[in-house]
Amino acid sequence: MTMQTDVLSGHLHQSGFIVLQARSRVKGVSYKGTASAGQLDLFSTTTAPVSATYAQSGTTVTVTKSSHGLATGAVIGIAFTVGTGGAAFSGNYSITRVDANTFTLTSPNSATITAGASCVYVVNGSWLLTVETTAGDTYQNYLLIPGQGILSAQTVYAYMSNIDLTTVFYG
């Protein structure tokens, strides 16, 4: 295997699309936190993520989003923030519709997380990666993705919460 020399980068100071070409591999991520704890989530998608809230009891995660429009069997990519009791396991899940405003998914990990924690999800795409910073981590951090990187079949969207900036390296 030869070294890849056509690595490109995209840079953002706020949430948005960072890699505009379809089918690329995320090779690395540079990010800088703020005085507050932060989170950077990458999604493979053509639409911006939707904000919602969630709770978890056992392995059942209940997501609340007014008029979500999803049907049982829809597959979403979802990233969870820390709530009281921890954080649900971010990933790609098939959902079960409960009603017009809630749906559930089954986490591989059991937990008890109080209702009201936030999450973001994409419907026509997938979750790729989540990195977190602790309060006061205002340093430039870098995450090297091993192997050939993480494959994104669509454009890459960076969702930033208390993250000052990010650069994604891809090829």
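Me: By the rule used here, to how many salt bridges does the count come?
Reply: The model is predicted. A pair qualifies when a side-chain nitrogen of Lys or Arg lies within 4 Å of a carboxyl oxygen of Asp or Glu. By this rule the count comes to 1 salt bridge.

Me: Which side chain meets Asp 164 in a salt bridge?
Reply: Side chains of opposite charge can pair when their charged atoms come close. For Asp 164 the N to O distance in the salt bridge is 3.4 Å. The partner is Lys 32.

Me: How many residues apart are Asp 164 and Lys 32?
Reply: Asp 164 belongs to strand S14 (residues 163–170), and Lys 32 to strand S3 (residues 24–33). The pair links distant parts of the chain, with a separation of 132 residues.

Me: Is Lys 32 buried, exposed or partly exposed?
Reply: Buried means under 20% relative accessible area and exposed means over 50%, with partly exposed in between. Lys 32 has a relative accessible area of 24%, so it is partly exposed.

Me: How many of the 10 residues of S3 are buried?
Reply: S3 is largely enclosed by the rest of the structure.

Me: How many bridges join S3 to S14?
Reply: S3 pairs in the antiparallel sense with strand S12 (residues 150–152) over 3 bridges, and Ser 24 has Ser 152 as its bridge partner there. S3 also runs antiparallel to S11, with 5 bridges, and Tyr 31 stands opposite Asn 141 in S11. With S14 the sense is again antiparallel, and Gly 28 stands opposite Phe 169. The bridges joining S3 to S14 number 7.

Me: Over how many bridges do strand S4 and S13 pair?
Reply: Strand S13 (residues 156–161) pairs with strand S2 (residues 16–19) in the antiparallel sense over 3 bridges. Strand S4 (residues 38–45) also pairs with S13 in the antiparallel sense, and Gln 39 stands opposite Ser 161. For S4 and S13 the bridges number 6.

Me: Which residue in S13 is the bridge partner of Phe 17?
Reply: Strands S2 and S13 are antiparallel. Phe 17 lies in strand S2. In S13 its bridge partner is Tyr 157.

Me: Why are the rings of Phe 17 and Tyr 157 counted as a pair, and of what kind is it?
Reply: The count of aromatic pairs comes to 4. Ring centres within 6.5 Å make a pair, and planes over 60 degrees apart make it edge-to-face. The rings of Phe 17 and Tyr 157 have centres 4.9 Å apart and planes at 90 degrees, so the pair is edge-to-face.

Me: Is Tyr 157 buried or exposed?
Reply: Phe 17 and Tyr 157 are 140 residues apart. Phe 17 counts as partly exposed, at 32% relative accessibility. Tyr 157 has a relative accessible area of 9%, so it is buried.

Me: Of what kind is the pair formed by the rings of Tyr 142 and Phe 169?
Reply: Tyr 142 lies in strand S11 (residues 140–144) and Phe 169 in strand S14, so the pair ties together parts 27 residues apart in sequence. Tyr 142 is partly exposed at 48%, and Phe 169 is partly exposed at 26%. The centres lie 5.9 Å apart with planes at 65 degrees, so the pair is edge-to-face.

Me: How many residues are in the largest nonpolar core?
Reply: The members that touch the most others include Ile 18, Val 26, Leu 42 and Val 156. Elements giving two or more residues to this core are S2, S3, S4, S10 (125–133), S13 and S14. Apart from it lies another core of 17 residues, among them Ile 76 and Tyr 121. The residues in the largest core number 18.

Me: Is Ile 163 buried or exposed?
Reply: Ile 163 has its place in strand S14. Its contacts include Tyr 31, Lys 32, Gln 39 and Leu 40. With 7% relative accessibility, Ile 163 counts as buried.

Me: The backbone oxygen of which residue lies 2.9 Å from a polar atom of the side chain of Thr 45?
Reply: Thr 45 is found in strand S4 and counts as buried, at 0% relative accessibility. Among the residues it touches are Phe 17, Val 122 and Tyr 157. The backbone oxygen at 2.9 Å from its side chain belongs to Thr 47.

Conventions:
Residues are numbered from 1 along each chain as its sequence is written. This is a predicted model: local features need pLDDT of at least 70, side-chain atom pairs count only at pLDDT 80 or more; totals for chains, interfaces and linings use all residues. Side-chain values use heavy atoms; hydrogens and water are left out. Two strands pair if DSSP finds at least two bridges between them. Helices (H or I, at least four residues) and strands (E, at least two) are DSSP runs, numbered from the N terminus. Buried means under 20% relative accessible area, exposed over 50%, partly exposed in between (1.4 Å probe, protein chains only). A nonpolar core is a set of buried Ala, Val, Leu, Ile, Met, Phe, Trp, Tyr and Cys residues joined through side-chain atoms within 4.5 Å. Rings of Phe, Tyr and Trp (its six-membered ring) pair if their centres lie within 6.5 Å; planes under 30 degrees apart count as stacked, over 60 as edge-to-face and the rest as tilted. Contact means heavy atoms within 4.5 Å. A polar contact is a pair of N or O atoms within 3.5 Å; within protein, one must be able to donate a hydrogen and the other to accept it, and residues adjacent in sequence count only if both atoms are side-chain atoms. Lists of a residue's contacts leave out its neighbours within four places in sequence.
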